[in-house]
Amino acid sequence: MENSILPLTYLRMLFKRKHLLVLPTLVGFILAISAIFILPKKYLSSTILLVEEGKTDNPLFDQIAVSTTVRERMEAIRESMLGWNSLMKLVQRLDLDTDVQTPEELEKLITNIKEKVIIKLRGKNIIDLSYIGKEAQMTQAIVKTITDIFIERNVDMQNQETSDAI
């Protein structure tokens, strides 16, 4: 008999103190709804790049052309990607500098883009590239352009190393 009374006792206590459960839930719900309308919209666009070691077609180059490891190449690409020349190329490709009047405004624009670009290295040969922006299409275009620049740089470095070895 005592075991059957315990669940009913707990149920009665819960109904007597329901305001302690309902009130915080209601306040949290109202705060969450208001935060949705107050906070500005931001979009995240990201891509994941897998960089693999290339195989040469000519067996004579296997012993001569010694390329750097993927990890070393990705570090170099990451360092050069956030450099002035790369970000300038990005701004010019997307025509982001149409409203820029002075060099200070251009520097501020490039610094703003640099702060919003997130490049993370996952594992030995995976790059996670992300950008956070206010416009969805522009955010996607920036990530696509940065990805294109990554691929171009990687191919250029590989071709340069091969031509140096030859």
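pLDDT is the predictor's confidence in each residue, from 0 to 100. This is a predicted model, and the mean pLDDT of the protein is 81. Two features are described below: an open antiparallel sheet of three strands and a nonpolar surface patch of about 590 Å².

**Confidence**

- A pLDDT of 70 or more is reached by 84% of the residues of the protein.

- Strand 1 and strand 2 are the edge strands, each of them pairing on one side only.
- From one strand to the next, the twist averages 15°.
- Strands of a sheet pair through backbone hydrogen bonds, in either a parallel or an antiparallel sense.

**Strand 3 and its partners**

- Strand 3 takes in residues 126-133, and six of its eight residues are buried, which leaves the strand mostly covered.
- On one side, eight bridges connect strand 3 with strand 1 (residues 43-50) in the antiparallel sense.
- Within this pairing, S46 is set opposite S130 of strand 3.
- Strand 3 is also joined to strand 2 (residues 117-122), by six bridges, and these two strands run antiparallel.
- Two residue pairs can be named here: K120 stands opposite D128 of strand 3, and L121 has I127 of strand 3 as its bridge partner.
- In a regular strand, side chains alternate between the two faces of the sheet.

**Hairpin**

- Strand 2 and strand 3 make up a hairpin, with three residues between the strands.
- G123 lies in the turn of this hairpin and has a positive phi of about 70°.

**Nonpolar surface patch**

- The residues that make the patch of about 590 Å² are L8, L11, L14, F15, L21 and V22.
- The largest share comes from helix 1, with four residues.

Technical notes: Residues are numbered from 1 along each chain as its sequence is written. This is a predicted model: local features need pLDDT of at least 70, side-chain atom pairs count only at pLDDT 80 or more; totals for chains, interfaces and linings use all residues. Side-chain values use heavy atoms; hydrogens and water are left out. Buried means under 20% relative accessible area, exposed over 50%, partly exposed in between (1.4 Å probe, protein chains only). Two strands pair if DSSP finds at least two bridges between them. Patches are made of residues with over 30% relative accessible area and no salt bridge: like charges are joined within 9 Å, nonpolar side chains (Val, Leu, Ile, Met, Phe, Trp, Tyr) within 5 Å. Accessible areas come from the Shrake-Rupley method with a 1.4 Å probe; for residues, only the protein chains shown count as cover. A salt bridge is a side-chain nitrogen of Lys or Arg within 4 Å of a carboxyl oxygen of Asp or Glu. Axes are lines fitted to C-alpha atoms, for helices over the stretch in contact, and angles run from 0 to 180 degrees between N-to-C directions.
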